[in-house]
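Thanks for coming. I will go through one structure today, part by part. Please have a look at it first.

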Amino acid sequence: MLRRPLMIAAASLAVLAGAASPSFAQDKPAEIRIGISTFLSGPASVFGEPAKQAAEMIVEDMNRNGGILGAPVRVSYIDEGAGLETLTTEYKRLATEGKVDAFFASISSGNCNKIAPLAEDLKVLNIMWDCGTQQILEQTKYRYVFRTQANATPEVLATLLYLLKTKPNFKTIAVVNQDYAWGRDSWAIFSQALKKLRPDVQVVAELFPKFGAPDYSTEVSRLLALRPDVVLSTSWGGDLDTFVRQAAQRGLMRSSTFVLALGESSLQRIGKDLPDGVIIGARGDHYFLHPEQRDNAKFKAFMDAFKAKTGSYPIYPVFHMAQAFAGLEAAYKKASGANGGKFPTKDQVVDAMNGLKFQAMGRPITMRADGQGEEDQILGVTRRVEGYAFPVLDDMMIFPAAKIMPPVGQKSEDWINTLTPDFINTPVSSFKHR
Amino acid sequence: MSLQTIMLAVFDGVAYAALVFLVAVGMTLVFGVMRILNVAHGSLYALGAYLAASLVLGLGASGWSPWLAYPAMAAAAAIIGVVVGGAIETLLLQRIYAKEEALQLLVTFAVFMMLENIQRLVWGVQPYFVGEPLQMLGNIELGGIAYTRYQTLLLPAVALIVLFGLRFFLRGTLTGQVILAVTEDREAATSIGVNARRVFLSTFIIGATLAALAGALAAPTTSIQPGMGADMIVLSFAVAATAGLGNIEGSALTALLIGLARSFAVYIAPELEVLTPYLIMVIVLLVRPQGLFARPEARRI
């Protein structure tokens with residue numbers, strides 16, 4: 001009676017072993033399967049949905065041109081909005097059933113924290129395609145985990161440097177961030193560096209309203225009474241929109257300079273409420289009018305096609321998604337080159353990620369030995385111009401990544417402690433809107 | 001704490017309390033009469049906001065007078081209340097009044113999940129914003145600080161109208177008396193010829209309309225986005241539980257208490273802001289488990 005199930009188990013084990021054998025994997029597979037985790041529900045779907053649209057456009061384009069090394073690409077999605085439990089279960093299922101060659105996961109830093117060790121256990125290539133926490137790759141050395149974009153440290157430091165370069169004389173600052181990991185961590189980096197670079201600046205209010213708070217009236221009243229020179233917010237999505245609109249309606253944006261580190265992602269929605277001169281960041285050199293890329297025909301064609309498909313110009317998660325695909329494609333090609341032109345094994349692809357150089361829709365990105373990408377940062381101020389229903393960026397600066405992040409092996413907080421006011425003079429490239 | 005700060009905190013607190021009351025009162029009414037804790041209340045709030053936004057944006061696009069935005073918001077609330085609220089009551093709730101409370105809770109929770117997804121299908125995930133009804137009323141200077149007339153005057157006024165309107169309706173009209181009779185003793189009311197089924201339907205529609213009205217009124221002040229309904233369930237439950245489930249005047253006072261506590265927290269101890277409604281709830285329930293204003297329940301048997 002027991003024999004049949006045993007035999008089935010043995011047979012399926014044999015099939016599994018066969019599938020995993022190296023001779024099998026070196027042939028060109030029928031397709032390269034990518035599992036992508038992204039928010040398709042909940043507030044963060046403001047990022048997840050455009051990124052998914054981008055992924056579909058990119059895959060379509062790749063497959064029209066022969067896929068990666070001749071193998072067509074197929075993607076499947078996991079909704080991060082369904083919660084961490086569902087995400088990890090689904091992730092494990094796709095990985096252990098051999099249904100995925102690489103993962104792009106995820107948007108939420110909390111999810112990345114859990115996914116990184118999981119990918120390492122499962123020995124599957126994981127590109128953290130959007131999450132920002134710098135801690136994951138600074139604390140642990142991973143073999144299978146990479147990030148094809150910047151992290152919180154260069155993103156926040158570029159924002160601070162832009163402020164210090166363009167408003168050198170401000171005396172007081174207040175912060176209004178969402179009450180969760182990113183809101184707290186970004187302020188920790190910002191305030192630590194600010195103390196090193198401008199110890200005289202006074203922090204007059206640190207406000208962390210609830211994530212998803214429907215109303216900021218009280219915060220706005222308090223800031224109107226305090227009149228800080230600068231108001232910083234690293235909030236995003238509907239939260240940022242609500243805060244900015246309430247602040248603009250009640251005149252707070254006239255009395256204080258606003259610094260919105262993720263403002264680029266809300267610009268097209270809240271643009272008409274924004275006055276000129278608001279400092280806007282983009283978590284990288286992500287901008288649909290990127291001063292160095294906008295004349296590139298391929299770049300322009302993608303921006304227009306995305307606008308035609310979705311009704312809006314791409315925002316930073318779209319660029320992040322493009323980087324993950326560009327990085328993966330470059331790694332396959334590099335690994336194939338090292339493999340004498342033959343299709344690489346999964347491990348060879350992982351090896352190829354180290355020191356990889358690739359370019360998506362911004363400046364070229366280099367992968368460091370710790371799996372972290374070096375990505376430059378763009379910031380600018382809002383300016384109303386003809387031809388757009390929302391303000392565009394002017395007085396842009398692009399910050400070189402290598403100069404604004406700790407070297408491999410050093411933790412951000414230790415490195416920031418070594419900064420001196422001379423750091424403000426970090427050379428940048430400057431651009432006007434044209 | 002300066003006098004100016006106290007004044008500012010009071011203005012902010014009252015404005016916030018008005019909206020909290022409007023959200024919570026519908027849930028309180030439905031629980032008071034029907035003894036059902038309606039988790040889908042949050043979805044009705046979100047649907048009211050979305051439909052109001054669509055109507056106001058549609059009006060704006062078609063070139064009608066912008067002042068029609070206010071009747072449009074009221075219309076949105078009524079449409080959601082009657083159509084969605086009516087459908088929930090007749091199709092689902094009517095079948096489960098005799099069932100266990102846990103099951104009732106699960107059913108309304110399931111409705112909430114479905115409505116969340118329907119809302120995503122219809123309106124997508126990008127935040128909506130309709131600032132016009134708020135911007136048209138302009139600002140008012142109070143204590144040297146600019147406030148919006150919409151939040152500091154209009155919302156508290158509507159909250160008061162709803163509060164006294166409901167009081168008058170329940171105590172001063174025949175329909176209201178009938179509702180109270182069913183609340184008091186459903187069997188006795190039925191035996192003297194009251195149609196309890198119709199009372200439940202109309203109560204639920206009123207409760208749903210109030211939830212949608214709160215959403216419609218909140219629409220010009222906030223980003224309308226996925227997840228906005230879920231937060232409101234928790235907050236209105238905190239208000240309703242602190243007041244004593246089913247107590248309308250109590251909900252108004254509790255909303256004021258929570259609104260003021262929250263705005264003072266922003267000025268004095270911003271770290272506590274998020275916690276204030278729940279701190280108040282915990283403290284009140286420790287001292288008075290039936291809630292601040294609930295009357296002790298008479299034994300039925």
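Before the first part, a definition: two residues are in contact if their C-beta atoms, placed from the backbone, lie within 7 Å. Also keep in mind that this is a predicted model.

I start with chain B and its helix H3, residues 69-91. How far apart are the end C-alpha atoms of this helix? They are 32 Å apart. The helix has 23 residues, and at 1.5 Å a residue it should span 33 Å, so the two values agree.

Next, which residues of H3(B) are buried? Among them are several alanines, namely Ala69(B), Ala72(B), Ala76(B) and Ala77(B).

Now to where the two chains meet. Chain A puts 31 residues into the contact, and chain B puts in 35 residues. On the side of chain A that touches chain B, the elements giving two or more residues are helix H3 (45-64), strand E7 (202-207), helix H9 (217-226) and helix H10 (237-249) of chain A. Of these, H9(A) gives the most, with 7 residues. By class, this side of chain A has 8 nonpolar, 12 polar and 11 charged residues.

Staying with chain A, we come to its domains. Domain 1 covers 30-149 and 297-367, while domain 2 covers 153-282 and 376-431. How far apart do the C-alpha centres of the two domains of chain A lie? The distance is 28 Å. The contact between them takes 15 residues from domain 1 and 15 residues from domain 2. On the domain 1 side, H3 and helix H5 (109-122) of chain A are the elements that give two or more residues. That side has 7 nonpolar, 6 polar and 2 charged residues.

Last, a sheet in chain A. Strands of a sheet pair through backbone hydrogen bonds, either parallel or antiparallel. Here 3 strands form an open sheet in the order E11-E12-E13, with antiparallel pairing. Strand E11 (357-358) and strand E13 (373-374) are the edge strands, each pairing on one side only. Strand E12, residues 365-367, pairs with E13(A) over 2 bridges. Which residue of E13(A) is the bridge partner of Thr366(A)? That partner is Glu374(A).

That is where I stop.

Notes:
Residues are numbered from 1 along each chain as its sequence is written. Chains are lettered from A and ligands numbered from 1 in the order in which they are written. This is a predicted model: local features need pLDDT of at least 70, side-chain atom pairs count only at pLDDT 80 or more; totals for chains, interfaces and linings use all residues. Two strands pair if DSSP finds at least two bridges between them. Helices (H or I, at least four residues) and strands (E, at least two) are DSSP runs, numbered from the N terminus. The expected span of a helix is 1.5 Å times one less than its number of residues. A residue is buried if 20 or more other C-beta atoms lie within 10 Å of its own, exposed if 12 or fewer, and partly exposed in between; C-beta atoms are placed from the backbone. Ala, Val, Leu, Ile, Met, Phe, Trp, Tyr, Cys and Pro count as nonpolar, Asp, Glu, Lys and Arg as charged, and the others, Gly among them, as polar. Domain bounds come from an automatic or database domain assignment.
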